[in-house]
Amino acid sequence: MTITDITADVPAPRSGEDSGGKLLDVRDLHVEFHTRDGIAKAVNGVNYSVDAGETLAVLGESGSGKSVTAQAIMGILDMPPGKIPQGEILFRGQDMLKMSAEERRKIRGNKIAMIFQDALSSLNPVLSVGYQLGEMFRVHQGLSKKAAKAKAVELMDRVRIPAAKERVSDYPHQFSGGMRQRIMIAMALALEPDLIIADEPTTALDVTVQAQVMELLAELQREYHMGLILITHDLGVVADVADKIAVMYAGRIVETAPVHELYKRPAHPYTRGLLDSIPRLDRKGQELYAIKGLPPNLLKIPTGCAFNPRCPKAQDICRTDVPVLEPVTEQDGSPLPGRGSACHFWKETIHG
Amino acid sequence: MPDLTKTSSASEEAAAVAGSTPVITDAGPVPEKPRSLGADAWRGLRRNPLFVISGLLVLLILFVAAFPGLFTSASPTIGDPAKHFLGKPNLGHVFQEDWFGYDGTGRSLYARVLYGARNSIIVGLGVTILVTIFGGLMGMLAGYFGGFWDSLISRLTDVFFGIPFLLGSMVVLNAFTHRTVWVVMGALAFLGWTQITRVMRGAVITTKHADYVVAARALGAGTRRILFRHILPNAIAPVIVVATISLGTYIVAESTLSYLGLGLSDDSISWGSDISDGTQFIRNFPHVLLFPAGALSITVLAFIMMGDAVREALDPKLR
């Protein structure tokens, strides 16, 4: 069995064959990097979709391919060394991988925007914040310098930066970390895009500020009815904000579920391991659980299930056959909408 | 402080608008004036005595080069060999015709030093500007687009780098019978652009992978905007430094070429050709050599000192 065969019949996380209704529909996306040591397969057949007003959290550890998928959607992947051998990225039903560079550029910022992890390094140090915010309007809408600046002040007010009018000509280094991330959010929001991809938006922030920024993001998303893809490795951040979760491992989606169901009853040993490794107050004094081993080398992904060397439940079949993302059902066979697991033993994992 | 009260009232307002959301706590006090990196560097420079001295000197030299006639009424081209043949300098006669003495054809050396500044400065500045624009563009092209363009431009700079600067310009200039400042400028720029290209290429390569460039791309900025608005201002600092320092070198190169008789044609006044003339009298009348040579040294020193101060101000590691 080849990878293509397996991924072709993977059900989309949510029902529906047509992508017409979906805002963004990623289908069987593969991304590889051609390096000196060989081909690193960073993304191996990812399927996910987001509707307007919906929040999808993509969860996974470093190197699981979550950021690379986002970069492929944005079209900011460095190619070469990156390559997209197969897959479709449908935005409102149109395949963005088939568009011209100019068409894609017009979508970026206008229809799909991105929030980056480190706001300090993502803002140009030599340009004032107001200029960078106003640039969005000048590039995409051809506004004058003055009108763009007025819009910038408006945006800064919107993300609740105090004294926006006085601070609009300040430079990034004059803002605190939380304020900088608000500016990044304002930049992404500037043209009221349909979809926002937030790549670990709170990782570089203080814990107290994290909650504020997430709350702001969620609120603005509701207000504009945007789709949001939240990329994170922080299970705590996800719980409050996301509608559904896709867990990634070694470039594949191993489990999808509505957010609370995942926490209640994980259907993949990897997800279970992640949840067990969250420190809990009622297990004070005990040793914290950790998933043994390391994430696989993307140049040599293990045969069969990529998780098998680290999995406590691994059997012989796990070392030979790649598990398909199958719909997860109740014990009596009644369907659980939106749930899927790529494990040969999902039944045992969820019901056992 | 009026600024502080304004800030607090504004943040209260913002909090009131926010309603139920938590009050933002991480708003710092508003500084009096926003400062860019350039303004930061300027503040540092103003306090640096090295920069103040060299800067004033450069301004003075530029002023002399622009209006030499304001400083003397003597002619730099017409002398009286009978009366003033190799006349000794009279250091007490400040700003007078015979302050620096006379040369072999009885011309006032003071006037010649003043008028010679213009050609030296024009060649030095002109070559620097040409080299910075052309070399900078080539460097940006090579650094940003990489691949084929990078290989092509890099090999081209390698070829030009292999040609000795002075020897090469001598060969080029030898082909011209009448050598104006423009010809000399062109010859020096033709052989000198490679250094800036290398510096610019390196700076652009480091900058183009910066997160803010990726972010600008993700938010829909086009290639030209990314290149000139986001990369250039962040990559220009090392180029400015190399350019200011090499300005002195170009002035020396022009003088060297004039000394060798391959610089400006005989009818134009230049420190280099005056130094060349002075060498024949070096034993008995050293002043004919010393004054133009001194003017050249001071000018080059001023530009190099200024370049060094600028480098210090723009170098983030030294802050």
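Biologist: Start with chain B. How many helices and strands does chain B have?
Modeller: Chain B has twelve helices and zero strands. This is a predicted model. Read along the sequence, the pattern of chain B is α-α-α-α-α-α-α-α-α-α-α-α.
Biologist: What share of chain B is buried?
Modeller: Of the 319 residues in chain B, 41% are buried.
Biologist: And the contacts in chain B, what percentage join residues at least 24 apart?
Modeller: That figure is 69%, taken among chain B contacts between residues at least 6 apart in sequence.
Biologist: Now helix 9 and helix 10 of chain B. At what angle do the axes cross?
Modeller: Roughly 150 degrees, and the axes come within 10 Å. Helix 9 covers residues 211-218 of chain B, and helix 10 covers residues 223-259 of chain B.
Biologist: Left-handed or right-handed crossing?
Modeller: Helix 9 of chain B passes helix 10 of chain B in a right-handed crossing.
Biologist: Which residues make the contact?
Modeller: Helix 9 of chain B contributes B:Tyr212, B:Val213, B:Ala216 and B:Arg217. From helix 10 of chain B come B:Ile226, B:His230 and B:Ile231.
Biologist: How do the residues of that contact divide into nonpolar, polar and charged?
Modeller: Five are nonpolar, one is polar and one is charged.

Note on methods:
Residues numbered from 1 in each chain as written. Chains lettered and ligands numbered in written order. Predicted model: local features only at pLDDT ≥ 70, side-chain atom pairs only at ≥ 80, totals over all residues. Axes fitted to C-alpha atoms, helices over the stretch in contact; angles between N-to-C directions. Helix = DSSP H or I, 4+ residues; strand = E, 2+ residues; numbered from the N terminus. Left-handed = near helix turned anticlockwise from the far one by under 90°. Contact = placed C-beta atoms within 7 Å. Nonpolar A, V, L, I, M, F, W, Y, C, P; charged D, E, K, R; others polar. Buried ≥ 20, exposed ≤ 12 C-beta atoms within 10 Å, placed from the backbone.
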